[in-house]
Amino acid sequence: MIRYRLLLLGPLLVFLAATYLIPFLGIVRWSVTLPEPGLGQYRAALTDPLVTGVIWRTLRICATVTVISVAAAYAITLVWVRGGSVARALSELCILIPFWISVLTRAFGWLSLLSNRGLLNTWAQQLGILSEPLAMVRNEFGVVVGMVHYLIPFAVFPLASAMRAVDERVLLAARGMGAGRVRIFWQVFVPMTTGGILGAALLVFVFALGFFVTPALLGGGNSVMVAELIWLRIFQSPNWGLGGAISVILMAGIALLMLAGRRFAKGPGQ
Amino acid sequence: MNGPFQRDQVEILSERLKRGQISRRDFATGLALLLGTSAIGLRATPAAAQSKDLVFVNWGGDAGPAYDAAYGKAFLEATGITVKQDGSGPTEGAITAQVESGKPSWDVVDADPFSAEALGKKGMMEPIDYTVVDKSKFRPGFGWEYSASTYFYSYIIAYDATKFKDSPPKSMADFFDVEKFPGKRAMYKWGAGMWEAALLADGVPADKLYPLDLKRAHDKIAAFKGNVVGYWGGGAESQSLLLNGDCSMAIIWSTRAKLIEQDSGGDIGFVWNEGLIAPGAMAVVKNNPGGKDAAMQFIASSQDPAKQVVMFEMLAQGPANPAADALLPAADAKYNPVAPENFAVQIPLDMPWYETNYGPALDEFLKIISA
Amino acid sequence: MIRLKPGPVSITLAALVAVFLLMPLIAVIPVSFTPTRYLSMPSGEWSLRHYRALIENPAWAQGIWLSVRIGLLASVTATLLAAAFSLGIWMLRPAFAGAMMGLALLPMVAPPVVSALTLYFFLTSLSKVNGVIAYDTWAGVALAHAVMVAPFAVVLLSVALGQVDRRIDLAARSMGAGIGTRIFRVILPNIRFGLLTAFFLTFVLSWEEIGVTLFITSVNAVTLPRLMWMGLRDNIDPAIAAISVVLIGIVVVALLIRTIWSLRVGGRDPG
């Protein structure tokens, strides 16, 4: 049995340990050795107002993004899972098309739509709705829109499996007892999919935490998030020890979240 | 392991390799035998690492094709060495990472002289070999231990000419004045030039700027922050901020000014007044894969005034070699940061100040703009 | 079966979300036909110059071909490793399965910027000992992509295995089938759809990977997304709009064919 264990489980684990875990330990080492040995960089990271400010902003943006993404995903998943065949096919296309398209194309699309001379502002001005263009990208709004757009499809999958697992008979029973649509939805259906909601929220939040590409393209530089701060500390004005410490803090936060998620939702909704 | 004997053997080997008497593989095998270990030994010998390419790292955008047209192609013809363009931006940390990796893949970088000096003092850059690079082809006072002056650029004000055609902004004070010049602004994300702009706007005379009063500059910027729509990190971003109409005025690199003017059909204008002029330079990464000599030759080849004129025409880089001035078409002088009438109204950035103060100042700056 | 179908409120909300999801993709189309050098909005003049640029500039074709090669190598590697691993977890139910799963999923949940740094320093240290699998080589990028996409294959294959009825494996085992027979004759045929999906998903994820690629490439391994990034960040090149429209077109056509096919075959839940 040991032989099969090595043969089946070994390759991937050895592969990831060599390519990922050990190099990552190198970053951990910076955080406690550069510029001098000790935990000074962690103290610096947790007291430096630049770092803490960026961490708070990141948490706030990620929380906003998570709530919006999961709510939006819930609405479209409901139709995908429970709608008629045409509605299902259409909603499936709407979920899968963006899912398969690169984050770069999507960010580019948002830039074309939302910038001051973008399609939306141009139309709104031509129709006389706006007199001055409304700033919708190169700010936090743009970042949130881009991130929500990227993450909705990821939230759909755990929600869909939770909704598919809902026992139809319970819903019919509730209707049989005279409950209206609204009441069935809020008091029966939603509670039965809580696991999926938590799973989706966890997945979205964790993915959002380390976002780099979308904020870089849509944020216009004024909403620095933690991923960009790490980049800054490694590349722009180098302080590898501090960059390493922030990375380790971020990884530890994600690990805690995943552990908590396992406890609550028993795996991310799969 | 590098006893004099082995070293001598290695030299003989590499000599024969150069003369083509033995194949590269024989050479590697011979070396491995001599040094006992194959992999580590090979790395220690520049001859084995010598390749037929140089990687020139610039800041992206239109710079890549321009460098290739002006310097790369001619260098290939003259020496048979291909110069590849990497636009990923040679930031201090990226160069550090290259050197620390033990096997850099970059050769020549388009770096700020002050960061080349700072890195050079940490042993990460090759000193410029002034027997190859000709110091007399610089403007006096430009040319450093670890980097060679190759061009000039400036942080200048660009503005929406459809709005401010009749009374364009004339000073940094105008840039910071949203009453007289309504609309949003865009600034440079990595601080350089922005402190000077804020202090000039706050009434500090140009000759009293250095050492910079950072507190005063940051107060000014913090108070102004609400009017800034974006902080660009690269030239193309500054272009799109203006072209997309996201701001009515921006401080941009003068190298982008001509492009923006053309792309907007004249809707975006720019002024040299109180521009903050800075030198651009080439530097060589320590232990670069293409070899120090090839890299120095490349830098020397870039001193040719005719080639610098190409860079001026394609990227509006002010020529480092004063001999190029005479070759520039007079009509284009308005795009040239070192044309006498433009140079006179600008203020040079103080490289020694940046060398010692840039890192901490940038941290403070980022704290303020991202708060 | 009688089902409670979504009412008008749900349909309306879902339609709004659908519009939100498709809007930026549609917006790209008119931009790709503008005649100007820089990114601009349509003004009545139409031009194919950006599509011509795609054909005339060999960098695009090179980037596409490079991304295909990298994607194939990365997805085959990742799918094989993930298949063995998921089978091991499912069949052997080892102790510490949770910790092993944690390591297997690490590159997926770790922030891309941390992964990028990790892989950057890993590949540059490989550069010291060889020139094939290294920083800025196609094999090096494929290796890094395999690391990044393997967790997705693990998730997909674990889900697929979770739907396999353990009793068929038990039956095979009780009839004396060895572990090889069980895997290749019994289990793998049952998850072939999952394997195919895993291969396809990992290929696409590698094909569009940018977060890590940005850090580990320089001049030799310029993948399609890296080329697009340069166009977006550095050049604001409307050729980006043209290539985007082409990519969107491929995805839409592929999904439409799949949807029509599954509607005609009928019933089976896609996902």
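How many residues does the largest nonpolar core have, and which residues have the most contacts inside it? In this predicted model, the largest nonpolar core has 283 residues. Those with the most contacts inside the core are A:Ile76, A:Val204, B:Ala158 and C:Ala82. The element that gives the most to this core is helix α3 of chain A, residues 49-82, with 17 residues.

One of the residues named above, B:Ala158, can be followed through its contacts in chain B. Once neighbours within four places in sequence are set aside, B:Ala158 is in contact with B:Leu242, B:Ala250, B:Ile252, B:Ala257, B:Ile260, B:Ile268, B:Gly269 and B:Phe270.

The next topic is the contact between chains A and C. Chain C puts 71 residues into this contact and chain A puts in 75 residues. On the side of chain C that touches chain A, the elements giving two or more residues are α1 (8-32), α3 (58-92), α4 (97-109), α5 (112-127), α6 (138-162), α11 (224-235) and α12 (239-265) of chain C. Of these, α1(C) gives the most, with 14 residues. By residue class, this side of chain C divides into 60 nonpolar, eight polar and three charged residues.

Helix α1(C) also takes part in a helix pair across the two chains. Two packed helices are described by the angle between their axes and the distance between the axes. For helix α4 of chain A (residues 85-100) and α1(C), the axes come within 9 Å and cross at roughly 35°. The crossing of α4(A) and α1(C) is left-handed. From α4(A), the contact is made by A:Ala87, A:Ser91, A:Cys94, A:Ile97 and A:Pro98. From α1(C), the contributors are C:Ile11, C:Ala14, C:Ala18, C:Leu21, C:Leu22 and C:Leu25. The residues of this helix contact divide into 10 nonpolar, one polar and no charged.

In chain B, strand β3 (residues 108-111) is covered on both faces. B:Val108 and B:Asp110 lie on one side, B:Val109 and B:Ala111 lie on the other, and all are buried. Strand β1 of chain B (residues 53-57) runs parallel to β3(B), and two bridges join them. Strand β9 of chain B (residues 268-285) runs antiparallel to β3(B), and four bridges join that pair.

Some backbone geometry remains to be described. Most residues other than glycine have a negative phi, and most peptide bonds are trans. A cis peptide bond joins A:Leu34 and A:Pro35, with omega about -10°. A:Pro35 is in the loop between α1 (2-33) and α2 (40-47) of chain A. In chain B, the peptide bond from B:Tyr210 to B:Pro211 is cis, with omega near -10°. B:Pro211 is in the loop between α10 (194-201) and α11 (214-224) of chain B.

Positive phi values are found at B:Glu274, near 55°, and at C:Phe96, near 60°; each is a residue other than glycine. B:Glu274 is found in strand β9 of chain B, whereas C:Phe96 lies in the loop between α3 and α4 of chain C. Which of them is buried and which exposed? B:Glu274 counts as buried because 24 other C-beta atoms lie within 10 Å, where 20 or more are needed. C:Phe96 counts as exposed because it has 10 other C-beta atoms within 10 Å, and the cut-off for exposed is 12 or fewer.

Key: Residues are numbered from 1 along each chain as its sequence is written. Chains are lettered from A and ligands numbered from 1 in the order in which they are written. This is a predicted model: local features need pLDDT of at least 70, side-chain atom pairs count only at pLDDT 80 or more; totals for chains, interfaces and linings use all residues. A nonpolar core is a set of buried Ala, Val, Leu, Ile, Met, Phe, Trp, Tyr and Cys residues joined through C-beta atoms within 7 Å. Two residues are in contact if their C-beta atoms, placed from the backbone, lie within 7 Å. Ala, Val, Leu, Ile, Met, Phe, Trp, Tyr, Cys and Pro count as nonpolar, Asp, Glu, Lys and Arg as charged, and the others, Gly among them, as polar. Axes are lines fitted to C-alpha atoms, for helices over the stretch in contact, and angles run from 0 to 180 degrees between N-to-C directions. A crossing is left-handed if the near helix is turned anticlockwise from the far one by less than a right angle, and right-handed if clockwise. Two strands pair if DSSP finds at least two bridges between them.
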